Amino acid sequence: MGDLSRVIAGCAGATVAVIGFLEVGGATPAPAAGLIVAGLALLIYAVRGGRKRSAIWGVTVALIAAAAVASGSALFLGGITVVTVLAALVYRLDAPPPPPAPPGPAAEPRLRPDFAETLWQSMNEAVMVLDANYRVIDVNRRWRELTGYDTVAEAPAPPLPGAGGDWLLPRADGTTVPVLATVATIADEAGAPRGYVATYVDIAERKRAEEALSRHADELERGNAQLASALAFKNDLTSMLTHDMAQPISSIASLAELLCADWGDLPDDIRLELARKVDKNTRRLVKMMNDLQLLFRLDTGAVTARRVPVPLREVAEAATRVTGGADQVKITIDDGLSALADRGHLIAVVENLLKNALAHGAAPVEVRADREGPETVLLEVRDSGPGIPDDLLPNLFGRFIRGAGLGLFIARHLVEANGGSLRYEHAKPRGARLLITLETAPRAPGETPSPTLP
């Protein structure tokens, strides 16, 4: 039973019950009692139905109607009619307004496409839709902005499903943009691919940050390497000052003390010999200090070469005079053979190589040179000693080799400053070969080639 039915039933029950009470004292008491029972039953049903407020309104209206019909039963049916109409009016005034009806199926097709298109075009990710044959169907606005292409026909193919990740997306201007690419498969009810959706996220900013971080890490690594090199240089320099330079200083001090203390008792020849030893150690010490000064200039990049054509025979003869080993050195160089180099640098290089050969190798020592090709010349310093042990070769041209000072290190850097190279080879059948390669100078008029170096 509806709410309106309950209201009508309650009002009618109350009316019938009241009329029954009024008729009890009349001529027909039995029908009146029946009216009372029927009216009360209708009233109780209406109240239990949940519309208590409507039933109360019905009772009030029924009492007014009963008073109107109390004068005679002829108006019974008219009273019921009036009560029913009033009850319906009260129900309409008392009932809450109905809730708004939800949008019907007919409204959805008009709203859903517009909403989907707005969402599709406003996404921050570049999206591409493909059919089952991997042909491009559509792309969104962000994809056009990211690639510079205007039409679907120009769209480059995305990566295959499962092959996404970092990807270089081609652009219309020929460049590429780094993206994070993903490809999702759209399956039908049977599980077969119905289409594909490719999504690209622009990661150019992330890549730039990674590259900046990588550059910073490289700079830190280079700085650490320079710091380690500086620390190694400091340790090597300390070692040289402690050992290599301490010996001549100690010798000079001892000889000078002996000369001062026993000058009057020493024969002239002994005095001269001791003075010569002081002079030799002093020259050795001065040479070390000059080497250190040159080493500092090499480390700071302050050494520059003024390359001019330099006759190699003149360089070898000048270096031999400085070393004082003219009777132990053989020079085999054509008079007209020249190289492009700084004359002072090249003399210092050959001097260092000769000193090293005489100190650690064996006589005779030979200096040879010849053209190695149309653009280079090869200068060789060879001794007859046992050669350099293999375990020393990796650090042969390093800053400090114990007992060798700075000679080979300085020689290598001076040769490189003149655009050449310095290397070592074992001589056959024995001995050491130090080979200098330099750019050749133009052949002088009348120059004849010297024998080719083996």
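In which sense do β4 and strand β5 (residues 193-202) pair, and over how many bridges?

I looked this up in a predicted model, where local features need pLDDT of at least 70, side-chain atom pairs count only at pLDDT 80 or more, and totals for chains, interfaces and linings use all residues. I note that residues are numbered from 1 along each chain as its sequence is written, and that side-chain values use heavy atoms, with hydrogens and water left out.

**Strand pairing.** I find that β4 and β5 pair in the antiparallel sense over 9 bridges, where pairing requires that DSSP finds at least two bridges between two strands and a strand is a DSSP run of E with at least two residues, numbered from the N terminus. Leu180 has Val201 in β5 as its bridge partner. I then turned to β3 (residues 165-170), which runs antiparallel to β4 (residues 176-187) and is joined to β4 by 6 bridges; here Gly165 stands opposite Ala181 in β4.

**Hairpins.** I recorded 5 residues between the strands in the hairpin of β3 and β4, where Gly174 takes a positive phi near 95°. The hairpin of β4 and β5 has 5 residues between the strands, and there Gly191 takes a positive phi near 90°.

**Arg371.** I located Arg371 in strand β9 (residues 365-371). Arg371 counts as buried because its relative accessibility is 19%, the cut-off for buried being under 20% relative accessible area (1.4 Å probe, protein chains only). I see the side chains of Arg371 and Thr440 joined by a polar contact of 2.8 Å, that is, a pair of N or O atoms within 3.5 Å of which, within protein, one must be able to donate a hydrogen and the other to accept it, residues adjacent in sequence counting only if both atoms are side-chain atoms. A polar atom of the Arg371 side chain also lies 3.5 Å from the backbone oxygen of Ala441.

Methods. Helices (H or I, at least four residues) and strands (E, at least two) are DSSP runs, numbered from the N terminus. Buried means under 20% relative accessible area, exposed over 50%, partly exposed in between (1.4 Å probe, protein chains only).
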